[in-house]
Amino acid sequence: MKALLINKYGGPEVLTLGEIPAPVAESGKILVQIKFAGINPVDFKIRKGMVFFLSGFKFPKILGGDIAGIVENQPEGSPYKSGDRVFAMLNFKGGGYAGYAAIPSEWLCKIPENVGFRDAAALPLAGLTALQSLKELGKIRTGVKVLINGASGGVGHLAVQIAKWYGAEVTAVCSGKNKDWVLSLGADNVVDYTEKDPMELTEQFDIVFDAVAKLPVLKAGKLLKEQGVYISTMPLPLIFIRQLLNVFSGKKFYAIMAKPSGKDLELLSNMMAGNALMPFVERVYALSQGKEAHQYIESERVRGKLVFDLNL
Ligand SMILES: NC(=O)c1ccc[n+]([C@@H]2O[C@H](COP(=O)([O-])OP(=O)(O)OC[C@H]3O[C@@H](n4cnc5c(N)ncnc54)[C@H](OP(=O)(O)O)[C@@H]3O)[C@@H](O)[C@H]2O)c1
């Protein structure tokens, strides 16, 4: 199968298009023929060796934490059958930038009929990050006020839609060029961070979700109501230290570590089936354009998501 590989950590130039044997689906795993693979900032962080303690030193490595494709095999007792359209978030071991992946069935979910492979591949990692942050850590519910920082990015644009699905009032932070688009996703209010520092807002929120991890953690408490929750996508030591103090304080601080979960994907899948949630794909690349794709994701300027089309 074709695969976009790295043989060492480094810049975008270490990405190499190669041919390797397809994985074998052992111990009840499902073999999926990948149609589209999502691209996430964590992919360039793994490529650079920034999270080597999780990704290890075994090479070659196939990056990619998001896939959408077709089930090839049918293990005994599996809820999936050959030909099913499925999508999944993978773990730090990656494996998405390739023709096939062998995936534990509990990470998979069927793609709703109204959603194509391209959009399905754009959802899992960013969507699960937004859902697990807002639902598990933020305990989101109808009527709460939510501030989403980085509302135009992969995680943020899905967080806006998910928070609206829960009936929250959403204040979104993005730059002026993305303002109308973020409003069209359902945000109630928009703060243009190039004109106003979100830290200067006098309003307080039940949940502050820093999807791009750009707010100063030590000062972010001023944006929270007395029982408010701050969630960052960056697991910095400072947040873990502040998290230890949660038992002594009404205001809670957390860093999310998104987990693969077919069950959580099913909830997102139902939102998509009901037209309440849809990822926006800004650019589609061929695997041979891995270098360009990684340069763009590393720029932190993407609107919505980037994906690889395995048929290009
Ligand atoms: N811990 C976890 O489990 C987990 C999971 C997923 C993602 N993450 C991390 O979360 C971060 C965000 O991921 P992502 O996929 O959403 O990234 P992304 O799509 O690359 O984010 C790009 C977006 O961020 C906006 N942005 C850049 N600087 C900003 C600022 N100062 N204030 C507000 N918006 C700003 C950009 O808009 P403009 O061009 O308008 O500035 C752009 O639309 C990454 O660091 C990623 O590694 C962590």
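Several elements cover the buried residues of helix α10, including β1 (2-6), β2 (15-19), β3 (30-39), α1, β15 (281-285) and β16 (305-309). The model described here is predicted. Helix α10 spans residues 290-298. Its buried residues are G290, A293, H294 and I297. Viewed down the axis of α10, these buried residues fall within an arc of 95 degrees, so they line one face of the helix. After α10 comes E300, with a positive phi near 65 degrees.

Now step back to the whole chain. It is divided into domain 1 (2-123 + 279-309) and domain 2 (126-255). Domain 1 is therefore written as two segments, 2-123 and 279-309. The C-alpha centres of domain 1 and domain 2 lie 27 Å apart. The two domains do touch: nine residues of domain 1 are in contact with 10 residues of domain 2. On the domain 1 side of this contact, five residues are nonpolar, two are polar and two are charged.

Next, the ligand. Where does the ligand's shell lie relative to domain 1 and domain 2? Both domains give residues to the shell, so it lies between them. In total, 33 residues surround the ligand. The closest are G153, G154, S175, T233 and A258. By class, the shell has 17 nonpolar, 11 polar and five charged residues. Four elements each supply at least two residues of the shell: α1 (41-47), α4 (124-137), α5 (154-165) and β10 (169-174).

Helices α4 and α5 lead on to another helix. Along with β6 (85-89) and β8 (108-110), they are among the elements that cover the buried residues of α9. Helix α9 runs over residues 262-273 and has 12 residues. From its first C-alpha to its last it reaches 16 Å, close to the 16 Å expected at 1.5 Å a residue. Which residues of α9 are buried? They are G262, D264, L265, L268, S269, M271 and M272. Down the axis of α9, the buried residues fall within an arc of 160 degrees, so they line one face of the helix. Just after α9, N275 takes a positive phi of about 60 degrees.

That brings us to the backbone. Most residues other than glycine have a negative phi, and most peptide bonds are trans. Some sites here depart from that pattern. Take K139 first. Its phi is near 50 degrees, a positive value in a residue other than glycine. K139 sits in the loop between α4 and β9 (145-149). Is K139 buried or partly exposed? It is partly exposed, with 13 other C-beta atoms within 10 Å.

A213 is another such site. This residue is not a glycine, yet its phi is positive, at about 50 degrees. A213 is found in the loop between β12 (205-210) and α7 (217-220). It counts as partly exposed, with 17 C-beta neighbours inside 10 Å. For reference, a residue is buried once 20 or more other C-beta atoms lie within 10 Å of its own, and exposed at 12 or fewer.

The last site concerns a peptide bond. The bond from F59 to P60 is cis, with omega near 0 degrees. P60 is found in the loop between α2 (52-55) and β4 (61-62).

Methods
Residues are numbered from 1 along each chain as its sequence is written. This is a predicted model: local features need pLDDT of at least 70, side-chain atom pairs count only at pLDDT 80 or more; totals for chains, interfaces and linings use all residues. A residue is near a molecule or strand if its C-beta atom, placed from the backbone, lies within 6 Å of it. Ala, Val, Leu, Ile, Met, Phe, Trp, Tyr, Cys and Pro count as nonpolar, Asp, Glu, Lys and Arg as charged, and the others, Gly among them, as polar. Domain bounds come from an automatic or database domain assignment. The expected span of a helix is 1.5 Å times one less than its number of residues. The arc is that of the directions from the helix axis to the C-beta atoms. Two residues are in contact if their C-beta atoms, placed from the backbone, lie within 7 Å.
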